[in-house]
Amino acid sequence: MRRRNIMIMVAMAGLTAAMAVLPGMAETTRMGQEGAVETTVHNPVADGYLTADFEDGYQPFAGRSGKVWSLATEGSDPNQVLLISGHTDVWDGPSVEVTDWMKPFGRYTFSGYFKQVTGSDQRLDFSFELHKDGKTEYRNAGAKVDIPSNLWKKIEFTFTAPEDGFDTMKFYIQSGKDEAFDFMMDEISIRQEEDVSNRYQAALDAYSLKDTFQDDFLFGAALLVPELKNEGIAEVVRHHYGSITFGNEFKPDNILNREASQASADGSPEIHYDRIDEMLQLAQKNGLKVRGHVLVWHSQTPDWFFRVGYNPDGEYVDAATMSLRMEAYIRKVLTYTGTKYPGVIYAWDVVNEAADDNGGYRKNSNWYRVMGEGFIEEAFRYARKYAPAGVKLFYNDYNEYYPVKRETIDGWIKDLQGKGLIDGMGMQSHVDLRTTKVDNFLETVEIYGNSGLEVQITELDIHNPDSGVAGQMKLADMYGAIVSGLCELKQSGKANITNLTLWGLSDDGTWLVQNRGEQSYPLLFDGKWQPKEAYRAVIDVKIPGMRQQYQTKR
Ligand code: XIL
């Protein structure tokens with residue numbers, strides 16, 4: 001019955017006007033069927049790609065809940081589409097296993113036609129479900145895409161396949177909003193896009209960022225362990241960066257070992273030393289220094305860490321117990337890394353994101369909940385106690401340039417400085433092309449810097465949903481203005497800026513897409529690892545004319 005309703009509405013929908021084209025997404029009404037479709041049944045494992053037109057009963061897509069979706073036709077058109085209907089859970093959508101044919105780090109293009117007739121815009125979310133060692137991880141494959149009602153919309157985007165080592169990998173499509181909705185899809189394809197053998201050459205041929213700024217500050221980037229294991233990527237990293245930040249793997253949720261913590265004789269938390277070894281050996285092998293990120297943070301820190309018996313169902317422990325756990329965690333991480341890998345980690349984000357956007361303490365933090373306001377100073381005391389001499393201790397935060405938040409943070413860091421517990425301020429610098437004012441940002445660098453503390457730009461990216469030329473030019477202008485401003489502040493002695501780290505290696509892997517599901521082109525290298533106008537604008541700060549007359553050079 002439901003399906004019939006849809007079919008009637010579909011039949012009336014033919015004349016709907018085309019909607020605006022989303023950045024990076026092609027939009028069109030669905031073409032005639034002839035020639036456009038590959039009808040041969042093929043085996044993605046043998047062929048290395050997937051196509052599905054749903055004509056001959058070949059249905060690689062199953063519901064995530066196990067549902068079998070039905071095939072449907074529209075009006076008098078005999079061609080079949082897949083009808084996703086009758087599900088009530090937001091997450092329940094078509095899913096296809098890609099484990100045996102999608103190549104790690106391979107670059108793929110997804111393409112397909114989608115239609116819904118709910119009467120209002122709906123949103124689709126394209127993601128991966130990844131399984132490893134009994135754990136499940138979800139990752140956006142592309143940005144969430146809006147589809148208008150009553151119109152076949154072609155959705156096309158490129159993405160990089162997940163890294164090696166998952167037991168199973170599924171690609172799935174689900175509602176990108178709070179409610180499930182019925183939709184149809186057809187002519188789906190997931191194909192490897194290009195020969196990747198020369199993928200990194202342009203980035204390697206471009207002037208080295210770290211060499212270009214060697215007199216100013218250390219140039220760094222955030223990355224993930226599997227990226228550094230990929231020799232092509234590692235070569236680019238060695239060429240451009242002197243410092244790296246592990247974007248995820250040094251966080252407490254990856255370092256804390258729950259089983260061992262529960263079994264530990266003295267009740268202190270235990271850690272995964274092997275994971276630390278993997279990271280720091282990779283860094284050493286590639287001659288890279290590491291910013292340690294992060295010790296004390298409300299996010300990516302398991303809730304069980306704060307509970308009696310390290311048990312998710314236990315009560316929260318008292319402040320004194322938590323302080324002991326905090327000390328043991330910091331002691332174990334700092335002593336192990338400092339002794340076994342001396343000199344590799346040169347700075348730590350001791351406390352991350354403790355301030356509220358409106359000033360004062362962030363309340364939704366287990367650290368704050370269990371230990372109260374004192375947790376920041378305690379964390380720094382322990383870090384100072386166990387950090388090897390010369391390893392710098394930082395407070396790190398985002399929206400750190402909002403005036404009220406800045407006032408809170410500036411108060412904290414100056415107080416810690418008075419007690420000799422801190423060496424610098426980490427400005428995450430996740431800024432936005434449309435809203436951030438460069439003057440306000442640079443003024444903030446100066447404010448944090450005027451105490452003489454070091455300032456590090458720890459996670460710079462500029463959110464920019466426009467991949468078009470105009471958007472990319474504006475992005476370049478903003479990068480140029482920020483970086484030249486930083487160099488001026490450094491040279492004039494107004495702020496002791498010691499590091500500039502980009503949050504990600506290329507637009508392809510940016511967390512703004514993968515984690516937040518937004519369309520964004522925020523970095524210096526594009527999704528194909530080509531240096532962007534923004535890269536040239538950054539180099540131009542030191543090599544004037546670069547932006548105008550770009551020639552590739554090593
Ligand atoms: C982000 C990572 O990049 C994502 O992969 C992860 O899913 C969430 O965290 N501020 C921080 C970083 O201090 O640790 C965050 O990193 C981005 C915001």
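Predicted model: local features only at pLDDT ≥ 70, side-chain atom pairs only at ≥ 80, totals over all residues.
What covers the buried residues of helix 17? The cover includes helix 4 (209–212), strand 13 (218–223), helix 6 (231–240) and helix 15 (469–491).

Residues are numbered from 1 along each chain as its sequence is written, and side-chain values use heavy atoms, with hydrogens and water left out.

**The whole chain**

The chain holds 17 helices and 23 strands. These are DSSP runs numbered from the N terminus: helices are H or I with at least four residues, and strands are E with at least two. The radius of gyration is 25 Å, close to the 24 Å that the globule rule gives for 554 residues, so the chain is as compact as a globular protein of that length. The radius is taken over C-alpha atoms, and the rule is 2.2 Å times the number of residues to the power 0.38. Along the principal axes, the C-alpha atoms fill a box of roughly 80 × 60 × 45 Å.

Of the 554 residues, 57% count as buried. Buried means under 20% relative accessible area, exposed means over 50%, and partly exposed lies in between (1.4 Å probe, protein chains only). Among contacts between residues at least 6 apart in sequence, 76% join residues at least 24 apart.

**Helix 17**

Helix 17 (residues 533–540) has 7 of its 8 residues buried, so it is largely enclosed by the rest of the structure. The buried residues are Glu533, Ala534, Tyr535, Arg536, Ala537, Val538 and Ile539. In the loop between helix 16 (511–514) and helix 17 lies Trp529.

Strand 7 (residues 122–132) is mostly covered, with 8 of its 11 residues buried. Two strands pair if DSSP finds at least two bridges between them.

| Partner | Bridges to strand 7 | Direction |
|---|---|---|
| Strand 8 (residues 135–140) | 6 bridges | antiparallel |
| Strand 9 (residues 145–147) | 3 bridges | antiparallel |
| Strand 11 (residues 168–175) | 8 bridges | antiparallel |

Leu124 has Val145 as its bridge partner in strand 9, and Leu124 also stands opposite Ser175 in strand 11. Ser127 stands opposite Asn140 in strand 8. Strands 7 and 8 form a hairpin with 2 residues between them, and Asp133 in the turn has a positive phi of about 45°. In a regular strand the side chains alternate between the two faces of the sheet.

**Backbone exceptions**

Most residues other than glycine have a negative phi, and most peptide bonds are trans. Phe54 has a phi near 65°, a positive value in a residue other than glycine. Phe54 sits in the loop between strand 1 (50–52) and strand 2 (62–63), and is buried, with a relative accessible area of 1%. Trp529 likewise has a positive phi of about 65° although it is not a glycine, and counts as buried at 3% relative accessibility.

A cis peptide bond joins His293 and Val294, with omega about 20°. Val294 belongs to strand 17 (residues 289–297).

How values were computed
Contact = heavy atoms within 4.5 Å.
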